[in-house]
Every structure is written in C-alpha cells, then in structure tokens.
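Q: I have a model open and I'd like to learn how to read it. Could you walk me through a few features?

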Amino acid sequence: MPDNTLYYGDNLDILRDHTYFPAACVDLIYLDPPFNSNRSYNVLFKDESGRQSDAQIQAFDDTWHWGETAEATLADLILNAPPRVSAAMGAMLALIGRNQMLAYLVMMTARLVELHRVLKPTGSLYLHCDPSASHYLKIVLDTIFDPRNFRNEIIWKRTAAKGLATRKLPDNHDVILCYQKTDRATWNVDAVCEPYNENNLDEKTKLKYRYRDADGRLYRLSDITNPNPNRPNLTYEFMGMTKVWRWTKDRMQKAYDQGLIVQTKPGTVPQMKRYLIEQRGRPLGDVWTDINPLNSQANERLGYPTQKPSSLLERIILASSNPGDVILDPFCGCGTAVAAAHKLGRRWLGIDITHLSIALLKYRMRDMFALEAGRDYRVVGEPEDTAGARQLATEDRYQFQWWALS
C-alpha cells in the first residue's frame with residue numbers, strides 16, 4: 001500500500017516508473033493539467049516557428065508548445081501505443097496539424113495511457129479542462145478508457161458571466177470529464193445528493209411533503225400495501241382494513257406504536273409517514289452552480305492562479321472513493337486535491353514539475369494538518385545533498401531558487 005508521497009519531476013517519467021506506480025495501485029485520479037483557456041482559440045492552431053521549445057511546464061506557464069519533445073512523444077504513441085491510441089493520434093495529426101493544441105493532446109495522451117494503467121478496476125478518473133479542448137480530450141479518453149466507461153461531462157460554473165463579449169458569449173464554466181475504469185467502480189450515491197432545504201423546495205417535492213407533525217417536521221404519506229396479492233403470510237386485518245401488507249403484523253404494530261402509521265380518516269387504507277429530513281436529498285445533476293470559485297478574500301486562497309476550491313475536490317472524492325483509498329493528482333499544483341484527500345481520510349500521491357508547487361504543498365500540509373515532510377509523508381525527487389542542489393541550480397536556476405527558499 002503506497003505511503004502519502006509528493007513527487008518532484010515530470011509526471012510522465014514518474015508514472016512510467018513501475019517501482020513508484022505499479023499497475024492498478026490507485027483508486028481515484030483527479031487532474032487539472034495546465035492549459036491556457038484565456039488565450040485566443042485561434043492562436044492554439046497556428047503553426048509555431050523559431051526556437052524549438054520543450055513541453056516542460058514552467059511554474060504558472062499554462063501553455064504547451066510544439067517542439068522536439070512533442071514530436072518524439074507523438075512518434076512514440078503512433079509506433080508503440082495500443083492500436084486504437086495510435087490511430088487516434090494519427091487522425092488528430094491529420095485533423096489539426098502540428099500546433100499548441102496538438103502538443104497539448106499528445107502530451108496528455110501519453111500521460112492518460114499511464115494513468116489508465118495505474119488505476120484500479122474499481123477506480124475513476126476526473127479530468128478538469130476547458131471548452132476549447134474538452135471535445136478533443138473526450139475522444140482521447142474514449143480511445144483509452146472505452147466509450148462505454150464514460151460517465152459524465154460535468155459543467156462547473158466557475159464565475160458569473162462578466163462583460164459583454166463582442167463576438168460571442170462570455171466564458172464562465174469549466175468542464176470535468178469523468179470516466180470509470182469498469183462497471184465495478186466505486187460510486188457513493190449518498191455523496192451526490194444535496195440535502196433538502198425546506199425553504200427552497202421545488203414544486204413537485206413541496207406537493208409531496210405537505211404534512212407536518214407536532215414537531216414541525218415535514219412528511220409525506222406512502223402506500224404500505226403489497227403489490228403481490230398472493231402473500232398469505234402478509235394478509236391480515238389492521239386498523240379495520242384487511243389487505244396484503246408489505247410488513248408482518250408485528251412490524252406493522254411497532255411502526256404504529258412509533259407514530260409512523262396513520263389513517264387520514266376512518267375507512268381509508270392506513271399509510272406510512274416518510275419524513276423529508278430522512279431522505280437522501282435531491283440528486284446532483286451534471287451542472288454544478290453551487291460551488292463558488294475562490295475570491296481574493298477566501299481563507300484558503302494561496303495565490304496560485306489555477307487553485308480550485310476545496311469543496312469541489314471534496315465532492316469528487318466523496319462520490320468516487322472510500323476512506324483509506326489512494327487519491328492521485330499528477331498535476332498537483334498547490335495541492336487542493338491532496339489536502340482534500342487527507343481531510344477526508346484518504347491516502348494521497350501528488351506529482352508536480354515545479355519546486356514552487358512542492359513548497360506550497362509542504363506549507364499547506366503543515367498549516368492545515370501539522371504534517372511535516374520526511375516525518376508524516378515522503379518527498380521524492382528533491383535534492384538531498386550539495387551535489388543534488390548544485391545539479392538543480394545548473395539545470396534550472398529558477399527551480400533552484402524555489403527549492404532553496406522553501
């Protein structure tokens with residue numbers, strides 16, 4: 001069973017290391033990969049020229065570029081990936097050409113192949129993206145996971161529509177694509193129901209729950225006769241009515257003594273009280289408008305540009321995992337998924353390519369849960385001696401600065 005761990009480095013290299021990530025070792029994956037949805041949509045399809053740029057992600061630089069790494073990854077996918085994936089990548093190349101969008105899709109496909117490998121048969125994957133790429137990513141996920149394992153395209157309203165766009169409607173939502181690995185995936189129905197608010201009931205629910213008891217609790221009346229007429233053991237007289245009932249006479253009497261069985265008037269069939277407060281609640285739909293984005297005054301705000309609210313991650317984790325399960329975020333950023341997983345009693349694995357992210361996460365885990373790196377969880381990939389620090393400084397002075405300051 002994996003320990004809580006933060007990994008510094010390229011998540012593709014780390015995921016391909018079977019000593020870190022053997023097959024079927026993760027219960028739930030959430031990923032919010034960098035992608036700049038604020039850029040002009042058309043820019044994403046322009047051919048790039050000039051200096052070849054590696055697809056490594058720099059801190060807060062949420063763009064992908066076509067370069068040597070993207071070209072090599074595309075060739076590897078076409079030659080070595082499963083046939084369906086190879087065919088999909090070849091089709092994408094013919095469809096959209098070599099540009100930032102294809103670079104993004106190529107890099108994501110390579111990682112999604114590995115994420116599918118490490119996911120348990122009972123696991124789910126949630127991919128957070130924006131509308132400019134969600135349709136392409138859905139094709140990639142269908143290819144890797146099988147279209148039959150697609151579950152939802154969740155729309156999260158991340159902000160109110162602002163300003164008047166001159167040529168289109170304002171952008172104010174993100175997309176979260178949900179896939180399960182198999183039909184055996186964990187799904188907690190109670191976690192995806194909103195408690196009823198008595199002051200804001202829809203008309204249908206209000207019509208059903210129109211009675212109140214002496215304590216002011218709302219309830220409705222439900223039928224307690226048996227739909228099967230051939231049940232001699234459940235046929236008896238109760239409150240002056242002989243019927244085939246759902247329960248035995250002893251159980252019926254107990255419910256009556258508890259005040260749960262009522263007869264609205266003499267001669268009518270008794271019915272059972274079902275209290276609103278005892279019901280699961282209203283099932284969530286796939287459009288989420290009730291979770292607000294982080295504003296500038298939010299207590300949990302860390303100043304990380306792509307930070308998501310904890311309540312969003314908690315909803316996903318509660319719906320698709322159980323306490324003790326392993327949650328993986330391969331683009332962990334400032335660690336909202338990791339923090340939410342720890343809060344909810346899950347184990348966690350986070351990967352990021354910037355030391356700034358790892359440093360933020362260390363501070364967050366310390367401040368929220370009094371956890372210390374090396375004592376309460378592992379950190380893999382950071383310099384551990386002078387030689388390692390010198391090598392990091394040579395490779396990337398900015399990453400060295402963030403590591404040193406942390």
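What follows is a short walk through the sheet, some helices and the cysteines.

Q: What should I know before I start?
A: This is a predicted model, where local features need pLDDT of at least 70, side-chain atom pairs count only at pLDDT 80 or more, and totals for chains, interfaces and linings use all residues. Residues are numbered from 1 along each chain as its sequence is written, and side-chain values use heavy atoms, with hydrogens and water left out.

Q: In what order do the strands of the sheet run?
A: Strands of a sheet pair through backbone hydrogen bonds, either parallel or antiparallel. Here 9 strands make an open, mixed sheet, ordered β14-β4-β5-β3-β2-β15-β16-β1-β17. Strands are DSSP runs of E, at least two residues long, and helices are runs of H or I, at least four, numbered from the N terminus; two strands pair if DSSP finds at least two bridges between them. At the edges sit β14 (287-288) and β17 (378-380), each pairing on one side only.

Q: How many bridges join β4 and β14?
A: Strand β4 (residues 150-157) pairs with β14 over 2 bridges, in the parallel sense. W156 has W288 of β14 as its bridge partner.

Q: Which strands does helix α5 touch?
A: Helix α5 (residues 134-145) packs on the sheet against β3 (119-129), β4 and β5 (173-180), and its direction makes about 5° with that of β5. Axes are lines fitted to C-alpha atoms, for helices over the stretch in contact, with angles from 0 to 180 degrees between N-to-C directions. S134 is in α5, and S134 is buried, at 7% relative accessibility; buried means under 20% relative accessible area (1.4 Å probe, protein chains only), exposed over 50%, partly exposed in between. Beyond four places in sequence, S134 contacts C129, V175 and L177, contact being heavy atoms within 4.5 Å.

Q: At what angle do α2 and α4 pack?
A: Helix α2 (residues 68-80) and helix α4 (residues 100-118) pack at about 55°, axes 9 Å apart, so α2 and α4 are oblique to each other. The scale: under 35 degrees is roughly parallel, over 145 roughly antiparallel, 65 to 115 roughly perpendicular, and the rest oblique. Residues that meet include T69 and L77 in α2, and L102 and A110 in α4.

Q: How many disulfides are there?
A: A disulfide is a pair of cysteine sulfur atoms within 2.5 Å, and the whole structure has 0 disulfides. For C334, the nearest cysteine sulfur, that of C332, is 8.7 Å away. C334 is buried, with a relative accessible area of 4%.
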